[in-house]
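Student: Hi! Could you walk me through this one while I have it open?
Tutor: Happy to, here it is.

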2 protein chains.
Amino acid sequence: MQNRQILLKSRPEGWVTNENFGIDNCDVPELSEGQVMVRTVYLSVDPYLRGRMNDAKSYVPPFAIGGPIDSGIVGQVIESRFEGLSEGDYVLGRLPWALVSATNGKELYKLDPDIAPLSYYLGILGMPGQTAWVGLKAIGNLQEGENVFVSGASGAVGQVVGQIAKNMGCHVVGSAGGADKVAYLRELGFDGAIDYKATPNLFKAVAESCPNGVDVYFENVGGDILEAVINVLNFKARIAVCGYISAYNSTLADMPPGPRNLPILIGRGARMEGFIVSQYPKECAEWVQTGAQWLKEGKLKYRETIVEGLENAPNAFVDMLKGKNMGKMIVKVADE
Amino acid sequence: MQNRQILLKSRPEGWVTNENFGIDNCDVPELSEGQVMVRTVYLSVDPYLRGRMNDAKSYVPPFAIGGPIDSGIVGQVIESRFEGLSEGDYVLGRLPWALVSATNGKELYKLDPDIAPLSYYLGILGMPGQTAWVGLKAIGNLQEGENVFVSGASGAVGQVVGQIAKNMGCHVVGSAGGADKVAYLRELGFDGAIDYKATPNLFKAVAESCPNGVDVYFENVGGDILEAVINVLNFKARIAVCGYISAYNSTLADMPPGPRNLPILIGRGARMEGFIVSQYPKECAEWVQTGAQWLKEGKLKYRETIVEGLENAPNAFVDMLKGKNMGKMIVKVADE
C-alpha cells in the first residue's frame, strides 16, 4: 500500500496559498506495541492552523518546514497493537494529513457512529462545537435571556454559538459574509443577521439589530465588527475572544488596526478574554453530552462543506480562511 | 461673603482648553435642614472629568453647559444643620468647584486630619489610591511575586499601583513621560522605568525591562504602550483598564487606532477588563485601612503637585491631562 502525506513546504508571508504546501508519497509507518494503524476518513481544516504555519511561540508548536501538517482527524483502525481498540473501530485524534498513520492508541478517542455522522466529531460535537460551548459558558458566563452577538456566525464555531444561545432563550445576532450565509443564519433562528460585505455602515447595522445592546460577544473575526460591537456593549458585558480571522494572514506591519473605542470597556466595566478550548476539558466533555442530546432532540441544525481528496486539503484550508465555505469545512479523504 | 464658582462654558472638541471654562461670582447658598455649609480647601482634578465634559451617556451624567463642574473636594464645615457634623470638621465629598457649597451632610465623609495630610484624601487615600487597589486586587487578581506593568506610572494612580505591587513582592515596571518622572519611579523602587517620550522603540524597551513577561498590566494610558505590553503578556495575564488618557481628548474621527495585536489574547488566555472604582465599595474601604497603615509604617511615598487658587483649577486640569504634573494634581482653594 502506498501512503501519501501533505507537508509544509514554506512559511506563508501574509496570505497562505497552495504553494506553501507539498504532497509526497511516503512509506506506510511501522507499528510499535501500544500503537494502532489508522486510515484517514475525514480531516478537519481549522483557522487556528494558520497560526501554526508561522514560526512563532504559541500554545502549540509551529509546523516544521518539510514536516507534516496535522489536525483533527476521524479515521478507522486497520491494525491494532493497543488493547482498547480493534480493527474496524472509528476513532478521533490529532493525526498527520496522510492516507494512513500509526499512533499511540491511548491518544485516540473511540467514536460511536450511531450517535451522529462521523464527520460531526470534527465539527459540532468536536473541537469547534466545544469551542462554542466553552466561549459562551466558561468565558462569557452566558445567562438565559441575555443579548448575544457572534461574528463569523455561519462558520464551524459560529453556527453552534448562535444555536446554543437560542436554546438558552437569548436574543442572538450574527455577522457573516454573503447573502447565502445570512439566509442560513435566519434559517437557524437568529434574531438578526448582518452581511458585513454588503453593509455600508456596520456601526449602524449592529446598533439597529441589537436594540438591547450586547451582553456577550463571541468573537471569531476581529477588525471593524469588533469596533462596532464594542460600541453597543452593555454594562458588565463579556467578549469571548475565540478567533481573529481578519488578521491571521497579515504580517505585523500590515495588521489591521485594533478597535479605537477600547476606552468604552472602562465605563461599562466590560471584559474581553481570550481562550484556548483545550484548557477547559470539563466543559468540553459537558458539550459532547449536551450537543449529542440536542442533536437527537432536533434542537441543533448543522451544515458542512465537504471537499473530497487528500490532495485538495490545502486548497480547502485556503478557501475556508477566505470564507468560501458554508458551515464547517471538512476534507473527505476516503469512504467510511 | 462673596461666593465664586467654575462653570462649563462650552464642550471641548478634541483638546480641552481654559476657554471651555468660565468663572462666575454667585451667591452663598441657603442651608436647608440636614445640610451643611462647606468652604472648599482642596479640589481634585482627575482624568475622568474629561469624559464628563462630553455630551455622552456614561456611568456619571455629563456636566451641563453653563452648570458647575464638580469633583472630589476636601473642605471644612462652617455651618451645620446636620447632626453628624459640626463647625470646624473636615470633610470629603463630591462638590462643585466653588469657594463655598451647601450639601446634604449624609453625603459627606468626615476626615481625621491626624491620619494623613488632608489633601491625601483626594489622592493616595482617596479615589486614586482606591482605584490602584481595586485594579490590582479585584480586577487584576494580583498575587505575591508576579510581574506588573503600569502606564502613567508617576501619576495619582500609577505611583500607588507601583508601590502596592512592590509591597507585594512583585517585579514592577512603569512608563511615564519625562526624565524627572522616570527618576521618581526609580526612587519609588520600581524595577524598571521607561520614558515613553524618549524611547525610540517601545516594543524593545518593554520587552527588555520585563524579562519574565507581564502577569498584570494596569492601564492608564492606552495607545502604543498598550500594544507593546500585550506583546509580552504571560499566559493567563490580566489587563486592568483604568484609564485611556491618550484618547480622552480625541474625537472619534481622530481616535488613535487600537492595538493591532489583540489576537495575542487568544493563545495566552489573557483578559482585559475595564472598571469603575465606585463599583467596588468593599475594596475601597479595605484600601483606606491598608493605605493609612502603610503610610504610617513608611511603606508608601507620595507626591503631589499643588496649584493655588480656584481660578487656576481649569488650567491645572488641562496641565494634568497634558502630563505636566508630577504625582497627584491638586488645587488648593483656601488655607486649612
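**The chain contact**

Tutor: Let's start where the chains meet: 28 residues of chain B are in contact with 28 residues of chain A, contact meaning that C-beta atoms placed from the backbone lie within 7 Å. Bear in mind that this is a predicted model, where local features need pLDDT of at least 70, side-chain atom pairs count only at pLDDT 80 or more, and totals for chains, interfaces and linings use all residues. Residues are numbered from 1 along each chain as its sequence is written, while chains are lettered from A and ligands numbered from 1 in the order in which they are written.

Student: Which elements give two or more residues to the side of chain B that touches chain A?
Tutor: Those are α7 (264-267) and β13 (271-274) of chain B. The largest share, four residues, comes from β13(B). Helices (H or I, at least four residues) and strands (E, at least two) are DSSP runs here, numbered from the N terminus.

Student: And by class, what does that side of chain B have?
Tutor: It has 16 nonpolar, eight polar and four charged residues. Nonpolar covers Ala, Val, Leu, Ile, Met, Phe, Trp, Tyr, Cys and Pro, charged covers Asp, Glu, Lys and Arg, and the others, Gly among them, are polar.

Student: What rotation superposes chain B on chain A?
Tutor: A rotation of 180°, with 0.0 Å of shift along its axis and an RMSD of 0.0 Å. That is the relation of a two-fold axis.

Student: Which residue of chain B comes closest to the axis?
Tutor: B:G258, with its C-alpha at 1.9 Å. The same surface serves both copies, as 100% of the contact residues of chain B recur in chain A.

Student: Back to β13. How do the β13 strands of the two chains run?
Tutor: Antiparallel: three bridges join β13 (residues 271-274) of chain A to β13(B). For A:R271, the bridge partner in β13(B) is B:E273.

Student: What sheet are they part of?
Tutor: An open sheet of 12 strands with mixed pairing, in the order β10(A)-β9(A)-β8(A)-β11(A)-β12(A)-β13(A)-β13(B)-β12(B)-β11(B)-β8(B)-β9(B)-β10(B). Strands count as paired if DSSP finds at least two bridges between them. The edge strands, each pairing on one side only, are β10 (192-195) of chain A and β10 (192-195) of chain B.

Student: Where is there a parallel pair?
Tutor: In chain B, β8 (residues 147-150) and β11 (residues 214-219) run parallel, joined by three bridges. There, B:V148 has B:V216 as its bridge partner.

Student: OK, helices now. At what angle do α2 and α8 of chain A pack?
Tutor: About 115°, with the axes of α2 (residues 127-139) and α8 (residues 281-296) of chain A 9 Å apart. That makes α2(A) roughly perpendicular to α8(A). Axes are lines fitted to C-alpha atoms, for helices over the stretch in contact, and angles run from 0 to 180 degrees between N-to-C directions. Under 35 degrees counts as roughly parallel, over 145 as roughly antiparallel, 65 to 115 as roughly perpendicular and the rest as oblique.

Student: Which residues meet there?
Tutor: A:G129, A:Q130, A:W133, A:V134, A:K137 and A:A138 in α2(A) meet A:E283, A:C284, A:E286, A:W287 and A:G291 in α8(A). Five residues of this contact are nonpolar, three polar and three charged.

Key:
Contact = placed C-beta atoms within 7 Å. Least-squares fit on C-alpha atoms with pLDDT ≥ 70 in both.
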